[in-house]
Amino acid sequence: MTFRAVLFDFSGTVFRLEQDETWLADLTDHEGERLDIEAQTELMRRMTAPVGQVVDLDEEHLHAWNHRDRDPVLHRKVYLEVLKQSGVPHADQAVALYTRLIDPTQWTPYPDTEAVLKGVSGKGVKLGVLSNIAFDIRPAFGRRGWDAYVDEFVLSFEVGAVKPEPEIFRAAVERLGVEPAETLMVGDSEEADGAAREIGCAFALVEPLPTTERPDALLTVMRTHNVL
């Protein structure tokens with residue numbers, strides 16, 4: 001199969017939000033005690049989980065959770081609640097941490113991201129970044145000059161659809177000017193990203209491991225599917 005386009009998920013696929021100890025060092029719980037390492041790790045897991053509800057929510061916040069990647073206001077609202085329920089009760093600390101988490105310049109690329117983006121683009125294959133997200137991730141690419149390799153950014157809060165809904169995948173292939181059967185979707189979630197198969201795309205799964213533990217998974221996928 002010769003692919004004319006590749007779609008990459010963002011979080012856990014080409015970039016990862018790595019735990020930065022300086023962000024969490026001053027967080028304190030209800031008793032004013034600093035969060036231990038276990039609590040910090042669980043906090044980051046909850047803030048970056050691609051699917052699945054991570055805390056119990058009332059009706060108001062459940063609505064925000066279900067629509068968080070369509071609306072930046074709802075995204076902020078529900079993740080501040082997640083932080084509150086995850087041991088960060090102080091509003092000023094929660095807002096400061098949330099602000100850092102949605103800053104795309106704070107995210108870390110996987111070791112092979114640059115080589116893959118450059119290689120795919122250099123082959124004349126259309127390249128899109130397709131993400132369930134409520135903030136603009138273009139600066140993560142732009143500050144490194146990698147936006148030159150990306151033909152389209154398809155972001156849920158701009159499109160008004162979220163994975164696994166077929167509409168967001170259709171929007172992506174239409175923007176790239178290709179057929180689904182000519183498109184490979186690469187992502188870290190079988191449930192969300194793998195839904196690209198419903199419109200006829202191929203799908204390749206990568207594990208959302210820490211960047212130091214996943215040096216060449218993207219390159220392997222591209223080679224396995226004869227893109228590079």
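This is a predicted model: local features need pLDDT of at least 70, side-chain atom pairs count only at pLDDT 80 or more; totals for chains, interfaces and linings use all residues.
Residues are numbered from 1 along each chain as its sequence is written, and side-chain values use heavy atoms, with hydrogens and water left out.

Back to Asn-226, then. Its phi is positive, about 60 degrees, although this residue is not a glycine. Is Asn-226 buried or exposed? With 62% relative accessibility, Asn-226 counts as exposed; buried means under 20% relative accessible area, exposed over 50%, and partly exposed in between, using a 1.4 Å probe and protein chains only.

Another backbone feature to find on your screens is the cis peptide bond between Lys-163 and Pro-164, with omega at about 15 degrees. Look for Pro-164 in the loop between α8 (156–159) and α9 (166–176).

Now to the helices. Two packed helices are described by the angle between their axes and the distance between the axes. Here the axes are lines fitted to C-alpha atoms, for helices over the stretch in contact, and angles run from 0 to 180 degrees between N-to-C directions.

Take α10 (residues 217–224) with α6 (residues 113–122): they pack at about 30 degrees, and their axes are 8 Å apart. That angle makes α6 roughly parallel to α10; the scheme is under 35 degrees for roughly parallel, over 145 for roughly antiparallel, 65 to 115 for roughly perpendicular, and oblique for the rest. From α6, the contact uses Thr-113, Ala-115, Val-116 and Val-120, and from α10 it uses Leu-218, Leu-219 and Met-222, where contact means heavy atoms within 4.5 Å. By class, those residues are six nonpolar, one polar and no charged. For the classes, Ala, Val, Leu, Ile, Met, Phe, Trp, Tyr, Cys and Pro are nonpolar, Asp, Glu, Lys and Arg are charged, and the others, Gly among them, are polar.

Next, α3 (residues 59–66) and α4 (residues 72–85) pack at about 120 degrees, with axes 8 Å apart. So α3 is oblique to α4. Among the residues making this contact are His-61 and Trp-65 of α3, and Lys-77 and Tyr-79 of α4.

On to the strands. In β4 (residues 126–131), five of the six residues are buried. Strand β4 pairs in the parallel sense with β1 (residues 5–8), over four bridges, and pairing requires that DSSP finds at least two bridges. Ala-5 stands opposite Lys-126 in that β4 strand. Strand β4 also pairs with β5 (residues 152–155), in the parallel sense and over four bridges, with Leu-130 opposite Val-154 in β5.

Last stop: Ile-133, in the loop between β4 and α7 (138–142). At 5% relative accessibility, Ile-133 counts as buried. Setting aside neighbours within four places in sequence, Ile-133 is in contact with Phe-10, Asp-69, Leu-155, Ser-156 and Phe-157. Thanks, everyone!

How values were computed
Helices (H or I, at least four residues) and strands (E, at least two) are DSSP runs, numbered from the N terminus.
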